[in-house]
Amino acid sequence: MKRLSLKLKLTLLYTFFMALLTCAALAILFSLSSREILSSAQNKLERRVQESTEDIKYRSEEFRLGTDFYSVAQDVYLSLYEEDLYFLYGKLPYGFDQEPEIQDGVVRTIRDKGQEWYVYDMSYQVTEDYTVYIRGITSVTDAEESFSVTLRFSLILLPLMVLATAVIGYRFTRRTLLPVRRITDTVKKIRMDADLSRRIGLTDPLPETDADEGNNRGDKKKVVGTKRKERDEIYVLAGTFDDMLSELETAFEREKQFTSDVSHELRTPVSVIIAQCNAILAGDAYTDEQKKEIRLIERKAKGMSDMISQLLFLSRADQGRQPLNIDEIDLSELTGMIVEEEQMLADEEGRGIHIESRIEPHISAQADETFYIRMLVNLISNALRYSRDGGIVEVSLEKNNGEVTGRVTDHGAGISEEMLPHIWERFFRADTSRTEAGHSGLGLSMVKWIAKAHGGSVSAESAEGEGSTFTFRFPEKQGGFTNGAP
């Protein structure tokens with residue numbers, strides 16, 4: 001039941017209660033109808049017998065009966081008896097072979113050969129000294145049989161009614177929950193595209209209006225929102241959700257603008273710090289101990305400069321102002337050059353880490369050379385940073401079915417399963433074992449954006465104590481670019 005959709009759950013619940021209510025109503029109706037049918041049969045029998053006196057004429061010691069007396073009206077058979085139960089005139093129903101004693105004014109139930117009959121006797125005084133009895137007989141079994149036919153028909157109709165209720169309930173529930181589906185689809189698209197400008201659109205936007213603030217200066221305030229179509233709570237929810245998206249979009253835009261502005265403002269002072277450090281280190285006015293401290297300042301300033309460059313990159317990417325210059329490049333040759341440069345940097349650190357490469361030759365693809373270099377450098381430097389001393393970093397590149405696939409593997413500390421989904425977040429650091437001086441936590445965010453900008457993706461697999469593997473994929477041919485921008 002937990003796996004059923006809300007739409008199906010509501011339909012089943014609605015159908016169950018409707019079927020339960022229908023069955024209860026039919027049970028009560030049939031119970032009352034059964035009594036009503038039997039009571040109606042008795043009333044018809046009594047009335048028919050009483051009305052039959054109009055058809056009985058007695059003259060000159062001879063009875064003259066109207067034709068209606070012999071007709072079987074309302075399923076009632078009439079017969080005329082003397083006091084000693086001597087049959088005079090009339091009809092008896094087929095199958096009724098008994099001759100019950102006369103009981104004046106009493107409706108009795110007589111069973112005969114598996115059938116039930118109502119028998120009603122009424123005395124009728126034709127002269128002062130001569131009394132006869134009119135007997136009416138009707139079949140209870142026939143009355144019940146007609147009711148049974150109705151009951152069977154209802155039992156056949158009930159499943160059809162339940163099915164019709166289920167279909168109508170499903171369509172009604174589906175239509176009612178359609179706004180919920182629209183909300184869900186919008187959220188999925190926002191998560192997929194990271195586009196907060198999307199709206200559910202179930203409510204109409206209010207036009208911008210001027211509202212007095214009630215002061216003598218005549219200042220105006222713009223009021224913008226969504227007009228609620230007071231249809232139901234789901235529409236109100238959708239409108240509230242749209243308002244929240246608008247607020248989130250505004251907040252994120254402000255954050256992006258703030259990041260961009262701060263990064264721009266910090267570039268100049270950091271560049272001045274690096275330049276002054278270079279100038280000081282080039283002279284002889286300071287002691288070796290002082291120059292050592294200045295080199296530390298220079299190293300930290302360069303780390304800040306790299307972080308600012310990464311922030312500017314991601315800020316432009318968020319704002320859609322980071323163009324791609326797509327060219328046909330030899331990825332095999334370019335990847336080999338990057339591996340050689342990174343091996344030289346690793347050798348300078350003196351940790352004994354070796355980079356092994358398995359690069360398929362002559363892989364050409366359409367890509368932005370600068371961004372490809374930055375993506376691969378970030379992945380390899382990340383693997384070198386977290387590899388054990390004397391360890392191995394593996395770099396591979398291959399092409400299959402028009403798709404370029406690259407992998408960078410280290411055999412370091414690895415990443416826990418809980419932390420792995422968060423490594424693409426900005427400034428994220430898994431734990432203290434993976435925290436390194438000069439590591440901003442922005443490199444993998446840049447890698448993800450570059451892979452996505454090329455129409456591809458990047459993924460990571462890791463196990464604690466065994467290492468990590470980062471895999472990027474993108475198509476050999478790029479499409480959907482205008483003037484070099486995605």
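The following legends describe close-up views of a predicted model.

**View 1. Helix 4 has a buried side and an exposed side.** Helix 4 covers residues 178–193, 16 residues in total, and spans 22 Å from its first C-alpha to its last, close to the 22 Å expected at 1.5 Å a residue. Pro179, Ile183, Thr186 and Ile190 of this helix are buried. These four residues lie on the same side of helix 4 because they cover an arc of only 65° around the axis. Leu178, Lys188, Arg191 and Met192, on the other side of the helix, are exposed.

**View 2. The largest nonpolar core contains 42 residues.** Leu331, Tyr372, Met375, Ile380, Phe472 and Phe474 are the residues that touch the most other members. At least two residues of this core come from each of helix 7 (331–349), strand 14 (364–368), helix 8 (369–386), strand 15 (392–400), strand 16 (403–410), helix 9 (443–453) and strand 18 (467–475). Helix 8 provides the largest share, eight residues. Leaving aside residues up to four places away in sequence, Ile380 touches Ile338, Val339, Glu342, Ile355, Val395 and Val408. A second, separate core has 18 residues, among them Ala41, Phe63, Leu88 and Met122. In soluble globular proteins, nonpolar side chains tend to be buried together.

**View 3. Phe63 and Tyr89 form an edge-to-face aromatic pair.** A search of the whole structure gives 13 aromatic pairs. In the pair of Phe63 and Tyr89, the ring centres are 6.0 Å apart, with 65° between the planes. The pair links distant parts of the chain, with Phe63 in strand 2 (residues 62–65) and Tyr89 in strand 4 (residues 87–90), 26 residues apart. Phe63 has a relative accessible area of 11% and is therefore buried, whereas Tyr89, at 29%, counts as partly exposed. Ring pairs also join Phe63 and Tyr89 with Tyr58 and Tyr130 in a cluster.

**View 4. Phe96 and Trp117 form an edge-to-face pair.** The ring centres of Phe96 and Trp117 are 5.6 Å apart and their planes meet at 70°, so the pair is classed as edge-to-face. Phe96 belongs to the loop between strand 4 and strand 5 (107–112), and Trp117 to strand 6 (residues 115–127); the two residues are 21 residues apart. Phe96 is buried, at a relative accessible area of 4%, and Trp117 is likewise buried, at 4%.

**View 5. Arginine charges sit over tyrosine rings.** The charged end of Arg135 is placed over the ring of Tyr81, 5.1 Å from the ring centre. For Arg385, the charged end sits over the ring of Tyr386, at 5.9 Å from its centre.

Definitions and conventions
Residues are numbered from 1 along each chain as its sequence is written. This is a predicted model: local features need pLDDT of at least 70, side-chain atom pairs count only at pLDDT 80 or more; totals for chains, interfaces and linings use all residues. Side-chain values use heavy atoms; hydrogens and water are left out. The expected span of a helix is 1.5 Å times one less than its number of residues. Buried means under 20% relative accessible area, exposed over 50%, partly exposed in between (1.4 Å probe, protein chains only). The arc is that of the directions from the helix axis to the C-beta atoms. A nonpolar core is a set of buried Ala, Val, Leu, Ile, Met, Phe, Trp, Tyr and Cys residues joined through side-chain atoms within 4.5 Å. Contact means heavy atoms within 4.5 Å. Rings of Phe, Tyr and Trp (its six-membered ring) pair if their centres lie within 6.5 Å; planes under 30 degrees apart count as stacked, over 60 as edge-to-face and the rest as tilted. A charge sits over a ring if NZ of Lys or CZ of Arg is within 6 Å of the ring centre and within 35 degrees of the ring normal.
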